[in-house]
Amino acid sequence: MLTDLHIAVFGGDARQLEVIRKLTELDAILTLIGYDQLDHGFTGASKMDIDEVDFSKLDSIILPVSGTGTQGEIDTIFSNKKMILTEDHLKKTKDHCQVFSGISNSYLDAITKSSNRKLTKLFERDDVAIYNSIPTVEGTIMMVIQHTDITIHQSNTIVLGFGRVGMSVARTFQALGARVKVGARKSEHMARISEMGMIPFHLDDLKNEVYETDVCINTIPTQIVNADVISKFPSHTLVVDLASKPGGTDFRYAEKRGIKALLAPGLPGIVAPKTAGKIVANVLSQLLINEFKRKG
């Protein structure tokens, strides 16, 4: 249980509701910032504007999956009011206060470091990333079906990257009957791709591997699907870029060439917000419980 633990939950999307629900069950004292348009009431939780919050009482701060913007702004679908998290806010919190976010940026890294507060980036954890790969794959399938006029079965599909998401995408598309090639760099990834019955190739050879591509799914967050590669795609190729913004595709050139290229980060929160929220909530609550026990 998290009885007497003061936690502030900032903004976000429908995934945050599962986090709030879980923390309420664990008897935490919750302050919700950026939820003034949310009709749902949670027992033990109070809604406030950011300038009403007593940061000196906070044991933990939970940010949206997206963290903050480059100036500290926090997005929310539950309010039209502007929220900016600053270094001064963090310095007012208890010395042991932890900040949780899905991802981070230079601004959030800087203010947590300068205020000497621990920052946990949930989406860098293997467990969260692997669980999240499930709704990501389902969302990718949905997008491919919506934006092509062929079946996935017997399509020529290329997956770029063989990390936690790339592996799940490649395996699932193969199971649906696609002819899957996977681009990777590590020799152990090449071996695993081959062992799984797919065709491996080195990413340095990408432009020579795309001539018959129906679907290209990128998971690499650097621009690897560049103009040179795009110029070799058949005109009907669909590119689905799952990498975090700005993605790994030259979208300007793809549009110029008439190649449909879709940037689709955050698919779990779009196609399955309840499941995606439960994934975050379960991992987050366990981290808080472990920390609470350690201090106790």
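**Figure 1. A close look at the surroundings of glutamine 16.** Leaving aside neighbours within four places in sequence, glutamine 16 is in contact with Val9, Phe10, Gly11, Tyr35, Ile62, Leu63 and Pro64. Please keep in mind, here and in the views that follow, that this is a predicted model. Glutamine 16 belongs to helix α1, which covers residues 14-25. With a relative accessible area of 3%, glutamine 16 is buried.

**Figure 2. Aspartate 13 and arginine 15 form a salt bridge.** Their side chains meet at 2.8 Å, taken from N to O. Do the two partners count as buried, exposed or partly exposed? Aspartate 13 is partly exposed because its relative accessible area is 22%, while arginine 15, at 8%, is buried.

**Figure 3. Glycine 277 and its contacts.** You will find glycine 277 in helix α10, which runs over residues 273-295. Its relative accessibility is 0%, so glycine 277 counts as buried. Not counting residues up to four places away in sequence, glycine 277 touches Arg15, Glu18 and Val19. One of these, Glu18, is also linked with Arg21 and Lys274 in a network of salt bridges. For a sense of scale, the C-alpha atoms of glycine 277 and valine 137 are separated by 16 Å, and these two residues are 140 residues apart along the chain.

**Figure 4. Threonine 93 in its loop.** Threonine 93 sits in the loop between α2 (87-91) and β5 (98-101). At 5% relative accessibility, threonine 93 counts as buried. Which partners does the side chain of threonine 93 reach? The backbone oxygen of leucine 90 is reached at 2.5 Å, and a polar contact of 2.8 Å joins threonine 93 to the side chain of arginine 117. Setting aside residues up to four places away in sequence, threonine 93 touches Phe55, Ser56, Leu58, Ile61 and Arg117.

**Figure 5. The span of the annotated domain.** The unreviewed UniProt entry places "domain: Dipicolinate synthase subunit A N-terminal" at residues 6-122. Over residues 6-122, the chain is 22% helix and 21% strand, with the end C-alpha atoms 20 Å apart.

**Figure 6. Arginine 125 pairs with aspartate 127.** The closest N and O atoms of this salt bridge are 2.8 Å apart. Arginine 125 is partly exposed, at a relative accessible area of 29%. Aspartate 127 is likewise partly exposed, at 27%.

**Figure 7. Aspartate 204 and arginine 185 meet in a salt bridge.** Side chains of opposite charge can pair when their charged atoms come close. In this view, the N to O distance between aspartate 204 and arginine 185 is 2.8 Å. Aspartate 204 lies in the loop between β9 (199-202) and β10 (215-218), and arginine 185 in the loop between β8 (179-184) and α6 (187-195), so the pair ties together parts that are 19 residues apart in sequence. Aspartate 204 is exposed, with a relative accessible area of 55%, whereas arginine 185 is partly exposed at 48%. The count of salt bridges comes to 15.

Figure 8. Valine 271 is found in helix α9, residues 267-271. Valine 271 counts as partly exposed, at 30% relative accessibility.

Conventions
Residues are numbered from 1 along each chain as its sequence is written. This is a predicted model: local features need pLDDT of at least 70, side-chain atom pairs count only at pLDDT 80 or more; totals for chains, interfaces and linings use all residues. Side-chain values use heavy atoms; hydrogens and water are left out. UniProt positions are given in the numbering used here, feature names are shortened, and annotations may be inferred rather than shown by experiment. Helices (H or I, at least four residues) and strands (E, at least two) are DSSP runs, numbered from the N terminus. Buried means under 20% relative accessible area, exposed over 50%, partly exposed in between (1.4 Å probe, protein chains only). Contact means heavy atoms within 4.5 Å. A polar contact is a pair of N or O atoms within 3.5 Å; within protein, one must be able to donate a hydrogen and the other to accept it, and residues adjacent in sequence count only if both atoms are side-chain atoms. A salt bridge is a side-chain nitrogen of Lys or Arg within 4 Å of a carboxyl oxygen of Asp or Glu.
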